[in-house]
Amino acid sequence: MTLAHRSAGTPLPGVMHERIGGYALANVTFVQAFEADANKVGRDLADALRQAPTAAVHHLEVPPLGVVVQAGPALDGIAGRLAETISVHPDCADVTAEDVTAALRGSRADVLVCFLPTGATEAVRTYARACAAAGVAFVNATPELVANNPELSALFAERGVPLLGDDLRSHLGATTLHTALLELLISRGLRVKDTYQLNVGGNTDFLNLSDPARSASKQASKRRALTSAGIDASEVAAGPNGYVKHLGDRKVCFLRIEAESILDAPVAMEVRLEVEDSPNAAAVIANAVRVAKCAADQGLAGVIDPVCAFLFKSPRVGLPESEGLSAFQGFVSRAAAAAPEWHGHREARPLLASARQEVA
C-alpha cells in the first residue's frame, strides 16, 4: 500500500485500531535508542536501522530522526553466535542502569520497548529496573521473565508504572496460528494427542537462537502459550529449530496437530506458514506502545494483564486465543471511553525509546 493510499483514508493492513486511547500511530515519536552494536552506536537512528547485520527489508525510506543511538549496558546481551557477528561498542562496558534512567528522564520518554536477544536475562532486567526508576512504561518483547518475575512486577506496581510482557507474539505468527487451531479443535470436542511447531529463519534472532544455551527461555515461552491454549505442552517440541541465512527476514513455520474425534477417528493437519518477521512484530508493537501509554495516562500500574494474553506468548495470566482477543478489545474500548476525560488533564504526547542489541 502506498502512502498516498494511506493518506486517502484506506485502512492500513495489519493495524487493528486506528486509535488506541486517542492515540494514532502518527503520535508515536522516537526520542531515545540504546544499542550494543559498534556499527550502530553514535549514528542517527534512521541510519542505524540500515546497518549490518540487519536482515530487515526496507519498505520505506526513513528520514533522519534526530535521535543518536547511545551505548547501552551490554552485560549478557551479546553472546554465543551473536558474538561472532557483532562487535560490542567499548562504551557499553561503562554504562549503568542509572545512566539509562537518566537518559530516559532527559528525553522525556514514556515507553521503552525492549528488543534485546533471547538469553540476555541480566541486560533485560537492567533495562526494566531503569524504566521503573525513570517512570517509563516497559514493553518486554523478549522471553526473559519480567512481567512473570514477582520482584519486578511488584517494583513497577510500587512505582506506579505500567509493565507489559513477556515475549512478544507475532501479529500472525506460528504461536498465534498454533493456539487458534488448538482452540478450534478443542471447541469441537476433539482430543489433541500430539503436536509440534518447528521454525526456521535467517535473521539475527534465529542466529542467536541457534545456540541451545540461548534458546531455552524461548522454548519455555512457546510451551507456556500452548498450555494456555488448553493442552499439556510439557513435552511438545515448539520453537526455533534452525538458522538458514538465505531466508533473511523470512520465518517459516512447519506445524502439525494430531487429534481424535468421535469413535477415536483420527484427525491430522499440517500447515506451512511463511511470514516476514520484522513487520509481523511491528504490527503488535503498534498496539503495545499505545496501550502502555494510555495505561499510564489512566494511572494504571504494574502488569496490565488484560492486554498481555493477546500481545505476548508468555503473559502472567494466560488465556485461549479468543479470550485473549476479547480481553484486549475490551481494554481498547474502555480506553476509548476514558480518553476524552484524561486527555483534558494530561498532555497527549506518546514518546518511544527502544533498547536493542540485534536487529531481527
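Q: Is L75 buried, partly exposed or exposed?
A: L75 is partly exposed, with a relative accessible area of 44%. Keep in mind that this is a predicted model.

Q: Where does L75 sit?
A: L75 is in the loop between β2 and α3, and α3 covers residues 82–85.

Q: And what is its phi, positive or negative?
A: The phi of L75 is positive, near 50°, and L75 is a residue other than glycine.

Q: What about D167, is its phi positive or negative?
A: D167 has a positive phi too, about 70°, although D167 is not a glycine. D167 belongs to the loop between β5 and α7.

Q: Buried or exposed, that D167?
A: Buried: the relative accessible area of D167 is 0%. The cut-off for buried is under 20%, so D167 qualifies.

Q: What does the C-alpha trace span along its principal axes?
A: About 65 × 50 × 45 Å.

Q: How much of the protein is buried?
A: Buried residues are 52% of the 360 residues.

Q: And what share of the contacts comes from residues 24 or more positions apart?
A: Taking contacts with a separation of 6 or more, 77% are between residues 24 or more positions apart.

Q: OK, cis peptides. Which residues does the one with omega of about 10° join?
A: That cis bond joins A52 and P53. P53 is in the loop between α2 and β2, with β2 at 70–71.

Q: And the one with omega of about 5°?
A: That cis bond is between G165 and D166. D166 lies in the loop that runs between β5 (162–164) and α7.

Q: Back to the loop between α2 and β2: is Q51 buried or exposed?
A: Q51, which is in that loop, is buried, with a relative accessible area of 17%. The buried cut-off is under 20%, so 17% counts as buried.

Q: What does Q51 touch?
A: Leaving out residues up to four places away in sequence, Q51 touches N39, K40 and R43.

Q: Where is L45, and what are its contacts?
A: L45 is in helix α2, residues 45–48. L45 is buried at 8% relative accessible area. Residues up to four places away aside, L45 touches F30, A33, L65, V67 and V69.

Q: How far is L45 from E274?
A: Their C-alpha atoms are separated by 29 Å, and L45 and E274 are 229 residues apart along the chain.

Q: Let's do T101. What's that one in contact with?
A: T101 contacts A130, A133 and A134, leaving aside neighbours within four places in sequence. T101 lies in helix α4, residues 97–107, and is buried with a relative accessible area of 7%. T101 and A134 are 33 residues apart in sequence, and their C-alpha atoms are 5.2 Å apart.

Q: Which residues of α7 are buried?
A: The buried residues of α7 are A174, T175, T176, H178, T179, L181, L182, E183 and L185.

Q: What follows α7?
A: G189 follows, with a positive phi near 85°.

Q: And what covers the buried residues of α9?
A: The cover includes α7, β6 (191–201), α8 (204–209) and β7 (237–243). The buried residues of α9 include R214, K218, K222 and L226. In an α-helix there are 3.6 residues a turn, so residues three or four places apart point the same way.

Q: How far does α9 reach?
A: Helix α9 has 17 residues, 212–228, and reaches 24 Å from its first C-alpha to its last, close to the 24 Å expected at 1.5 Å a residue.

How values were computed. Residues numbered from 1 in each chain as written. Predicted model: local features only at pLDDT ≥ 70, side-chain atom pairs only at ≥ 80, totals over all residues. Heavy atoms only, no water. Buried < 20%, exposed > 50% of the residue type's maximum accessible area, 1.4 Å probe, protein only. Helix = DSSP H or I, 4+ residues; strand = E, 2+ residues; numbered from the N terminus. Contact = heavy atoms within 4.5 Å. Expected span 1.5 Å × (residues − 1).
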